[in-house]
Amino acid sequence: MSAGLNLAQQDAVNHLHGPCLVLAGAGSGKTRVITHKIGRLIQAGLEPQRITAITFTNKAAAEMRERTKGLIGRDAKKVRICTFHALGVHLLRGDGEALGLKANFSIMDSDDVTSILKDAGGSTDAATARQWQWTISKWKNAGLTAAQAEAQAAGDNERITAKIMARYEERLTAYQSVDFDDLIGLPLKLLREHPEVRAKWQQMMGHILVDEYQDTNATQYELLKLLTSDDPQRAHFTAVGDDDQSIYGWRGATLDNLKKLPIDFPNLRIIKLEQNYRSTSAILQAANNVIGPNPKLFPKTLWSELGEGEPVRVVDADNEEHEAERMVARIQSLRENSQHKEFKDFAVLYRANHQSRILEQALRKANIPYKVSGGISFFDRAEIRDLCAWLRLWVNNDDDPAFLRAITTPKRGIGHQTLQALGTFSGKYKVSLFEALFSSSLPSVLNSRAVDSLHEFGRYVNDLEYRARHTEGKEAALAFLLEWLKDIGYEKFLYDSEEHEKAAQSRWTNVLDFCDWMAGRCGGEIEDENGANFGNNFASEKKSLLDVAQTVSLISTLSERQQDQNLVTLSTLHAAKGLEWPHVMLIGVCEGLLPFKLDDGADSAGGSQREHEASDAVMGAAIAERLQEERRLMYVGITRAQRTLAVSWPKRRKKGREMIAAQPSRFIAEMALSQATVKEDPREKLRALRAEFAKKAEATAAAAASQQASGSPV
Ligand SMILES: Nc1ncnc2c1ncn2[C@@H]1O[C@H](COP(=O)(O)OP(=O)(O)OP(=O)(O)O)[C@@H](O)[C@H]1O
Ligand SMILES: [Mg+2]
């Protein structure tokens, strides 16, 4: 397991007992240490089931699983490699009953939470509900209950939100559901309050490895501590991280976790890595210069043996469209001239999601295939998820989140009070909501009108399920689906819930596309291996609509499968953490975007009296802190690049409906690039490239025409 590791990495990998912290800069092989250490631990005799590796995203977990499999083979399957949240699910499914949670509790996603909050707070406005959601999440992450939040509320706004939180929590309990924050908070409560459960899990966790440790928040750290051992001297874990890449401060991640580690674990072994294996010296120099002004937790100087490499380019553009064109031209030119020519060798990174739109248009125009990482795929759209909730309910009546979404989308006169009573009833008797609905004792907790409407809904679902089971063939399936949508009034619901007709129209078109695709599958049109083919005909047997509904739930894995395809990546800087590409372009590197507006209220819960009363000094300190985090974000962006890096900014950009003049980001000056690197005449190069491509396209067309004329197969 020490092949392909330097001495410091070997040190970390061979430190098998006790706590170990690898503190090192970007690209120095921290993640590599984790995968190799998993192998080393198994080699040393630890059962793979007793190893848990925690990553920051599902995607990172999938990648780590892949790498570990390459290293140790089949045993990799037995190692638990997951996110903190997935680990929380595992703990709660195992022992949540100690907290009164049934084993098949439901997990509410963000959409579900917004809709429960809308109801709990009596608002029809999604933006207001999301504001509550944000504040409540912040409180839950800080370990506060609704009562505690109310007791320490600053101002009316917070007091009202705390009251809504209490109603929201009641509803979650009634529905036997948890939200994402509970996936950390509840396991913590479980382990704290039940020593026998804690002892069991500590015994099960032979060694825990944590990647991206700098981005854990206070509750995650607590969970980690409780899972290791009650005695710090006997805790076995490996955490790897980089204080300069801490970019989730806004979500409660705190560098204090790094500072606390040596205090909480006096026998902590700290290992530093300084050699970077990812980037050229030119790129590293720019990264070191940008991060330079930030206060240091520990001094480190990254160096690389990969040589000076290409100078970092700074590209200025007239506006955002022009900037996108220039990035596209750069991709085309590098594909001609660089060793790394595949589309997947390129990434364009930006600060905010919305920045991808203009870029996508330019890439499409140039026929360059791309994927938007972390963006919304077709199956993640709210309207498609609404429909899928109904399908899931046909397939599995006990799917509680699907039940709740279907019964309230569109609204059918069954209020949350009724649903809450149903939820409490189902929790008490440990049955699903659907099962509870037909229970003969239900009338003891609900009035007859409520029971009647619930029964009507239940019968309707049963009827749909029966008919779906017996519907085959494209035309019959399409007719069925359209009739069902008409029955539930889905089109009207879309138009009622969207302020702009155009938005409703586009959502309705998605719905029709989806129905067409489902119906096609009933008629024997199957998808290609990526499940993404919406029309090709292949001879295949007919399936019932229910069979098709069954496979639809698997489709959410679609976007993850895209990972291996040869596509240019567009990604936010946050989602690019831990990843690397030969060619990276950072766009929108101007003041106001990167760094993001610094003088905007730091806390989007905003409006509390306490904030208004904040003295200038406090505000100044908050701004300084935000600037540090923005600088770390820029550092993360720069250090994703292996061979070439370009940084671009538009001289004018759109803000709301206005065009405003933009200034280059202070980070560009801080990169301290030599003059030679900055010079590059955009127009000339672009013109030359366009001419070259036009010539090539002409030549290809002429060749194809002559081949066709001569009748030779193409
Ligand atoms: N000892 C080594 N020899 C050769 N290549 C290495 C070595 N260590 C790491 N690498 C390579 O360097 C690159 C960066 O490694 P890795 O992703 O583990 O770094 P990291 O410290 O986790 O970076 P980040 O801070 O961005 O998460 C990877 O391509 C990895 O395979
Ligand atoms: Mg890493």
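**Strands, a ligand shell and some loops**

Trainee: Which residue in S14 is the bridge partner of Lys371?
Mentor: Helices (H or I, at least four residues) and strands (E, at least two) are DSSP runs, numbered from the N terminus. Two strands pair if DSSP finds at least two bridges between them, and S13 and S14 do so in the parallel sense over three bridges. Within S14, the partner of Lys371 is Thr569.

Trainee: At which pLDDT do side-chain atom pairs count in this predicted model?
Mentor: Residues are numbered from 1 along each chain as its sequence is written, while chains are lettered from A and ligands numbered from 1 in the order in which they are written. This is a predicted model: totals for chains, interfaces and linings use all residues, local features need pLDDT of at least 70, and side-chain atom pairs count only at pLDDT 80 or more.

Trainee: Thanks! Which residue of S14 is the bridge partner of Val348?
Mentor: Strand S12 (residues 346–350) also pairs with S14 in the parallel sense, over four bridges. In that pairing, Val348 has as its partner in S14 the residue Leu570.

Trainee: How many residues of strand S14 are buried?
Mentor: A residue is buried if 20 or more other C-beta atoms, placed from the backbone, lie within 10 Å of its own, exposed if 12 or fewer, and partly exposed in between. Val568, Leu570 and Thr572 point one way from S14, Thr569 and Ser571 point the other way, and all are buried. Strand S14 (residues 568–572) is therefore largely enclosed by the rest of the structure, the buried count being five of the five.

Trainee: Which residue in S7 does Val210 stand opposite?
Mentor: Strand S6 (residues 207–210) and strand S7 (residues 237–241) pair in the parallel sense over three bridges. Opposite Val210, the residue in S7 is Ala239.

Trainee: On to the ligand: which helix gives the most to the shell around ligand 1?
Mentor: A residue is near a molecule if its C-beta atom, placed from the backbone, lies within 6 Å of it. By that rule 18 residues surround ligand 1, the closest being Gly29, Lys30, Thr31, Arg32 and Tyr277. The most, three residues, comes from helix H2 (residues 30–43).

Trainee: How many residues of the shell around ligand 1 are charged?
Mentor: Asp, Glu, Lys and Arg count as charged, Ala, Val, Leu, Ile, Met, Phe, Trp, Tyr, Cys and Pro as nonpolar, and the others, Gly among them, as polar. The shell around ligand 1 holds four nonpolar and nine polar residues, and its charged residues come to five.

Trainee: At what angle do helix H21 and helix H23 pack?
Mentor: Axes are lines fitted to C-alpha atoms, for helices over the stretch in contact, and angles run from 0 to 180 degrees between N-to-C directions. The residues of the contact of H21 with H23 divide into 10 nonpolar, one polar and two charged. Helix H21 (residues 474–488) and helix H23 (residues 501–522) have their axes 7 Å apart and pack at an angle of about 145°.

Trainee: What is omega for the cis peptide bond that joins Thr409 and Pro410?
Mentor: Pro410 lies in the loop between helix H17 (400–408) and helix H18 (416–429). The cis bond from Thr409 to Pro410 has an omega of about -15°.

Trainee: Is Gln176 buried or exposed?
Mentor: Gln176 is found in the loop between helix H8 (156–174) and strand S5 (177–178). Its phi is near 55°, a positive value in a residue other than glycine. Because 23 other C-beta atoms lie within 10 Å, Gln176 is buried.

Trainee: And is Asn367 buried or exposed?
Mentor: Asn367 lies in the loop between helix H15 (356–365) and strand S13 (370–372). Phi of Asn367 is near 60°, again positive in a residue other than glycine. With 6 C-beta neighbours inside 10 Å, Asn367 counts as exposed.

Trainee: Last one: what separates the C-alpha atoms of Gly307 and Thr280?
Mentor: Gly307 sits in the loop between strand S10 (303–304) and strand S11 (313–317). The two residues are 27 residues apart along the chain, and their C-alpha atoms are separated by 5.7 Å.
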